[in-house]
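Student: I have a chain open in the viewer and would like to learn how to read its features. Could we go through them together, starting with how helices pack?

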Amino acid sequence: MTDISVSDFRHPRRYVRLDTILRLRWLAALGQLAAIFVVVQGLEYDMAIIPCVTIIGLSAALNLVLQTLFNPVHRLEAVSAAALLALNIIELAGLLYCTGGLQNPFSFLFLAPVLISATALPTNYTIALGVLAGTCTSVLAFFHLPLPWDTADPLVLPQIYLLGVWFSIMTAIGVTSLYAFQVTEEARKLSDALAATELVLTREQHLTQIDGLAAAAAHELGTPLATIFLISRELVKSVDKNPELAGDLRTMAEQAQRCREILSKITQLNSSGAPFDRMRISQLIEESVSPHRDFGVSIKVRIAVSTAPEPVGMRNPAILYGVGNILENAVDFAREQVEVNAWWNADAIVLSISDDGPGIPPDLLKRIGEPYLSRRRNTEDGPRRGLGLGVFIARTLLERTGAKVTFSNRIFPDHGAVVQIAWPREAFETAGQLMEVD
């Protein structure tokens, strides 16, 4: 079984492209200029144009400096990206201060930097940006210049309405940021888990290819070694007058024969060592079970008698790894015994693996098979640690071969977990061929 350590699949450090933030900043600057133009020229309202244009100009100047100093594809460290997003919040707060504070409908734009942080930056930076946005919102509720409006008919909003705006902005910052963070984190975990799945399958296929290469090399080397053996034996007969040379030739013949015997053992490996041999379902079960015997847990294999011939499929690393991993988990949690039952007919193949352990907790039963979901029992060496990727990888690989994997518990008074793997017979018998095409 391929072992996956915690360090192999830690979440990678999060980076944000400078070009992404600069595009957002340019979009914000153009939108702000357009809003000012509409208010001043279109609606003919009086507002503090110079302070607003100054803030937008400084923002644009910073964008130009960053574009000049750095490559657009440059990836920012989390702290640098958070600093630019914080600057966006401060710039927006300055513009809102000059244009009515929370009375300005654009005050909801405080959400944008926090949401970007929730999807791309670590949690602590998102919390800091949320606090900064909330602080700016609270200050603008009390300190701001008047909202540009018709001086003949000024708009006066009641305080209760402004309180509602403040509360809605604060709630939106918290709720939407949390939602965005959870969705992004789940997607990131799933992506990492799928990467682990691909790595496991690649390793299994690589090992299988090595077996095939060894068998092919043994076959090819057999012919020249046989030639060397025959020539050396003939030379021994013709140099009887030179005992030393005859001894060396006999030694060479013996060593050539020894090499032939070693290579013959490689070429005579059973079908489990050849990548393109077909294997019966009983052979698949035995190959999956054999590494887990002699660990203090009895493994009983029962194969039901059927009128249909025994299914035969190509040797498939995905199936071997998936079944083996589920067996490993069953042995790990079993108290005394693991049962492997198999039966088939002309249309389907069913493999059931059960143990007499504590079973799957009810709160995990519906979620079993998700990545990063693990609840290992303690051992003599301390609590077991893992990423919870094993069952996810096994389920993903088996489902790729057309299998349906279901998890359940034994019916009371029995206890333990039951994993059932069911293939359409045609899918099982062609799974290896499909993998080769892929």
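**Reading helix packing and cores**

Tutor: In this structure, helix α2 (residues 49–69) and helix α3 (residues 78–98) have axes that come within 8 Å and cross at roughly 165°. This is a predicted model, in which local features need pLDDT of at least 70 and side-chain atom pairs count only at pLDDT 80 or more, while totals for chains, interfaces and linings use all residues. Residues are numbered from 1 along each chain as its sequence is written, and side-chain values use heavy atoms, with hydrogens and water left out.

Student: How are two packed helices described in general, and what do the terms "helix" and "axis" mean here?

Tutor: Two packed helices are described by the angle between their axes and the distance between the axes. Helices (H or I, at least four residues) and strands (E, at least two) are DSSP runs, numbered from the N terminus. Axes are lines fitted to C-alpha atoms, for helices over the stretch in contact, and angles run from 0 to 180 degrees between N-to-C directions.

Student: Which relative direction do α2 and α3 have, and what is the hand of their crossing?

Tutor: Angles under 35 degrees count as roughly parallel, over 145 as roughly antiparallel, 65 to 115 as roughly perpendicular, and the rest as oblique. The helices α2 and α3 are therefore roughly antiparallel to each other. A crossing is left-handed if the near helix is turned anticlockwise from the far one by less than a right angle, and right-handed if clockwise; the crossing of α2 and α3 is left-handed. Contact means heavy atoms within 4.5 Å, and here it is made by Pro 51, Cys 52, Ile 55, Ile 56, Ser 59, Leu 62 and Leu 66 of α2 with Leu 84, Leu 87, Glu 91, Gly 94, Leu 95 and Cys 98 of α3.

Student: What is the make-up of that contact by residue class?

Tutor: Ala, Val, Leu, Ile, Met, Phe, Trp, Tyr, Cys and Pro count as nonpolar, Asp, Glu, Lys and Arg as charged, and the others, Gly among them, as polar. On that scheme the contact of α2 with α3 has ten nonpolar, two polar and one charged residues.

Student: At what angle do α9 and α11 pack, and which residues meet there?

Tutor: The helices α9 and α11 pack at an angle of about 145°, with their axes 8 Å apart, and their crossing is left-handed. From α9, Ala 318, Ile 319, Tyr 321, Gly 322, Val 323, Asn 325, Ile 326 and Asn 329 meet Gly 390, Val 391, Ile 393, Ala 394, Leu 397 and Leu 398 of α11. These residues divide into ten nonpolar, four polar and no charged.

Student: Which residues of α11 are buried?

Tutor: Buried means under 20% relative accessible area, exposed over 50%, and partly exposed in between (1.4 Å probe, protein chains only). In α11, Val 391, Phe 392, Ile 393, Ala 394, Thr 396, Leu 397 and Leu 398 are buried. The helix is followed by Gly 402, whose phi is positive, near 100°. Over the chain of 438 residues, 39% count as buried.

Student: How should I read a nonpolar core, and which residues touch the most other members of the largest one?

Tutor: A nonpolar core is a set of buried Ala, Val, Leu, Ile, Met, Phe, Trp, Tyr and Cys residues joined through side-chain atoms within 4.5 Å. The largest here has 37 residues, of which Val 323, Val 338, Val 340, Leu 351, Leu 398, Ile 421 and Trp 423 touch the most other members. At least two residues of this core come from each of α8 (281–289), α9 (317–333), β6 (337–344), β7 (348–355), α11 (390–400), β10 (404–409) and β11 (417–424), and α9 gives the most, with seven residues. Apart from this core lies another, of 30 residues, among them Leu 18, Ala 81, Ala 93 and Leu 129.

Student: Where is Val 405 found, and what does it touch?

Tutor: Val 405 is found in strand β10 and is buried, with a relative accessible area of 3%. Not counting residues up to four places away in sequence, Val 405 touches Arg 395, Leu 398, Glu 399, Val 419, Gln 420 and Ile 421. The C-alpha atoms of Val 405 and Ile 421, 16 residues apart along the chain, are separated by 4.7 Å.
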